[in-house]
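Please look at how the two chains of this predicted model meet.

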Amino acid sequence: MRTFTIAYRNIYRNTRRSLMTVLAIAVSSVSVLLFGGNILSIIYTLQTGYVRTSGHIHIYKSGYSRYGATNPAAYSLGDYEQVLRTITADPQLQSSVRAVMPFLYFQGIAGNFAADTSQAFSGIGILPSIFDRFAGWDDYHLKVTKTDISTGLKDADATGGVVGYGMADRLDLCGPLRLDDCPPRPEPKKKPGKNVPAMDFSALTESDFPAGTSAQDAGSARLDLLAATSGGAPNVVTLNVRKAMRMGSKAFNDGLIIMNLKLAQQLVCGRAEKKVTGLMLQLDHTKDIPQTLGRLRAILPGDDLEIKSFQEVRPMYGQTISMFATIFGFVAFIMGVIVLFTTVNTMSMSVMERINEIGTARALGLRRSDIMRQFVAEGFLLGVIGTTLGAVAALAISGAINWAEVTWTPPDYATPVFLSVHLFLQPLFLPACWLGLVAVATLSSLIPARNAARMMIVDALRHN
Amino acid sequence: MPESEIIVRLKDIHKTYMLDKVEVPALKGITTDIYKKRFNVFIGQSGSGKTTLLNIIGCIDTPSRGSIEICGQDVTALSDDELSDFRARHIGFVFQTFNLMPVLCAYENVEYPLLLTKTPASERRDKVLLALEKVGLLDHKDKLPNELSGGQRQRVAIARALVKKPALVLADEPTANLDHKTGKEIIELMQGIQASGETTFIFSTHDRNLVYNSEDLFMIMDGTIL
Ligand SMILES: Nc1ncnc2c1ncn2[C@@H]1O[C@H](COP(=O)(O)OP(=O)(O)OP(=O)(O)O)[C@@H](O)[C@H]1O
Ligand SMILES: [Mg+2]
């Protein structure tokens with residue numbers, strides 16, 4: 001049958017009404033696609049951020065996730081070199097693992113005694129070259145921020161580290177680090193007659209390098225870091241701050257110190273066995289997580305270790321996805337309802353206008369099901385034209401948005417990120433939205449089509 | 001007349017409409033036979049039941065009572081889909097208001113019934129052109145209905161009714177929307193086609209002057225055949 005030719009011509013017959021319908025469907029489809037594309041960008045940006053800073057998979061000593069925070073010494077990983085060797089020697093893992101890095105996470109107090117400032121901080125000891133390799137992960141080709149997130153530290157620079165921009169400002173390191181965009185600081189009032197230098201706790205050092213041996217380099221600043229060793233004794237090391245970095249989250253920006261693992265171990269382990277909090281694995285592709293987890297569990301002593309994906313380590317990622325999924329579902333539902341009402345309305349009007357034609361076609365020998373198909377085909381075509389138009393518009397608009405490099409600062413962020421809309425991060429997203437809205441338009445036309453098919457022929461023929 | 005020459009056999013056909021719970025009898029027991037390859041004329045005043053009877057013969061309406069056989073088939077026993085197929089194969093319609101598909105050109109309108117009977121494309125073109133030639137509209141085959149005059153539209157409708165060579169062509173007052181001269185031409189056209197072809201025509205009118213020379217006249221009055 002000529003179902004589609006006739007459907008197409010009938011759509012053209014009432015151009016104005018069809019145009020309004022197609023536009024309504026197109027606008028719904030643009031909204032769904034842009035909104036969904038933006039959510040996809042946010043989710044994948046979030047994922048990229050996690051993966052760049054802490055990889056896909058973490059390996060801890062068994063029990064770390066429950067007791068590690070309160071008893072880090074007992075739940076840190078001593079034989080990490082052995083685990084590292086097992087991982088790097090495994091041919092199966094080599095195909096999916098991009099980089100592996102031990103890390104040591106701890107809390108302490110950082111003091112800039114030259115400026116009489118100190119604050120609590122979170123410290124992470126890392127291998128600079130691998131850490132910066134982590135930072136180069138870009139499986140989704142996303143422009144996240146304008147700023148470079150690599151530390152630029154050298155592996156050989158055993159006392160080097162970087163701090164967040166906010167922390168540099170708080171500890172009054174803007175001058176030494178030559179940061180030009182720190183807000184001006186009020187002159188501290190010196191207490192008269194009491195010009196005693198602040199207590200320098202570097203005397204507490206249990207270091208292999210005697211305190212003060214690493215001279216402060218030009219363009220960097222010195223911080224003394226105080227923390228408890230695994231034995232429980234206070235210990236101090238000197239950190240040479242090589243630069244201040246803009247870190248995404250405000251908490252990191254204001255209180256994180258990234259330093260060479262050697263320095264962190266010197267501070268936390270003292271002269272005892274050098275341990276780490278765990279290992280981070282970064283994979284080439286996020287989708288390889290389950291398979292890699294399986295392999296790791298097979299080749300590593302599972303009872304002694306906790307092997308977790310970044311989603312498990314950071315439940316907020318999954319929660320963010322479900323939150324956005326809910327919001328998106330709601331918006332998509334509303335848009336679907338708009339498409340539904342528009343199509344039902346248009347198709348009902350179309351049926352009403354063509355009652356006589358329906359009667360004629362039935363008299364000539366069309367079955368009820370043929371009439372039904374004729375009108376459903378029209379709904380389908382309206383849906384196809386509308387959603388396709390919407391998809392094309394969404395592509396153009398998303399391209400423009402991404403090109404314009406608009407930035408925004410997400411909640412609890414310290415640096416602005418690009419507002420972007422990516423329609424292809426999930427290969428099925430665009431086709432699924434397209435199909436979904438076409439399906440709604442097609443299904444919506446079922447009701448008017450059924451009414452058309454059910455008409456009595458003689459009544460329809462008498463209608464003029 | 002032999003049995004085999006009967007194309008439509010009506011037995012005690014009743015049709016009663018319900019209008020606000022009041023029964024309106026439109027046909028009151030019609031029993032008659034209609035013979036093949038004739039130009040049958042149903043003539044009667046407005047409201048006499050012509051349309052009702054033709055609708056029942058055309059299988060687009062069902063009698064309240066009675067039986068009807070067309071080409072030897074008891075059509076009251078057929079399902080809705082079977083009736084559709086039966087109409088598609090055996091019955092051609094010419095309507096008072098022409099009823100062409102407004103989005104299809106003359107050619108496509110005539111082709112339409114052939115698509116329903118799944119006639120192969122190779123045969124379709126010849127059949128459509130032949131039918132359009134018979135009604136003298138070959139030159140207008142690409143025009144849409146609203147680009148044709150009333151008489152031309154009715155000619156397209158006649159071509160559409162004839163193109164599949166149906167056993168029966170039903171024309172319910174096909175001239176009512178045409179001026180007298182055009183109406184006469186249309187009837188002469190149909191009579192000419194009937195005389196040269198295989199088809200049985202059933203034609204209804206309330207205008208006595210149009211059909212003075214018809215061989216088979218059925219007078220309808222008040223739901224009965226006189
Ligand atoms: N759908 C209907 N509902 C109620 N009554 C109807 C219906 N259709 C026809 N009738 C009645 O049935 C009778 C026969 O009508 P019909 O249309 O068959 O007459 P007709 O001979 O075709 O008249 P006309 O020459 O005006 O077309 C009339 O009294 C009419 O009012
Ligand atoms: Mg009538």
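**Where two helices cross**

Helix H13 of chain A, written H13(A), packs with helix H2 (residues 80-90) of chain B at an angle of about 80°, and their axes lie 7 Å apart. Because angles of 65 to 115 degrees count as roughly perpendicular, H13(A) and H2(B) are described as roughly perpendicular to each other. On the H13(A) side the contact is made by Arg362(A), Ala363(A) and Leu364(A), while H2(B) contributes Asp80(B), Ser84(B), Arg87(B) and Ala88(B). Sorted by class, this helix contact holds three nonpolar, one polar and three charged residues.

Turning to the interface as a whole, 21 residues of chain A are in contact with 25 residues of chain B. The area buried between chain A and chain B is about 2300 Å², with carbon and sulfur atoms giving 58% of it. Of the area that chain A buries against chain B, 28% is supplied by Arg2(A), Leu364(A) and Arg367(A), more than by any other three residues.

Polar and charged groups also join the two chains: there are five salt bridges between chain A and chain B, as well as eleven residue pairs in polar contact, both residues being at pLDDT 80 or more. One of the salt bridges links Arg367(A) with Asp81(B), whose closest N and O atoms are 3.5 Å apart.

On the side of chain A that touches chain B, the elements giving two or more residues are helix H1 (3-13), helix H13 (355-364) and helix H17 (457-462) of chain A. Among these, H13(A) gives the most, with seven residues. The residues on this side of chain A divide into nine nonpolar, five polar and seven charged.

Definitions and conventions. Residues numbered from 1 in each chain as written. Chains lettered and ligands numbered in written order. Predicted model: local features only at pLDDT ≥ 70, side-chain atom pairs only at ≥ 80, totals over all residues. Heavy atoms only, no water. Contact = heavy atoms within 4.5 Å. Buried area = accessible area lost by both parts, 1.4 Å probe. Salt bridge = Lys/Arg side-chain N within 4 Å of Asp/Glu carboxyl O. Polar contact = N/O pair within 3.5 Å; in protein donor to acceptor, adjacent residues only side chain to side chain. Helix = DSSP H or I, 4+ residues; strand = E, 2+ residues; numbered from the N terminus. Nonpolar A, V, L, I, M, F, W, Y, C, P; charged D, E, K, R; others polar. Axes fitted to C-alpha atoms, helices over the stretch in contact; angles between N-to-C directions. Parallel < 35°, antiparallel > 145°, perpendicular 65-115°, else oblique.
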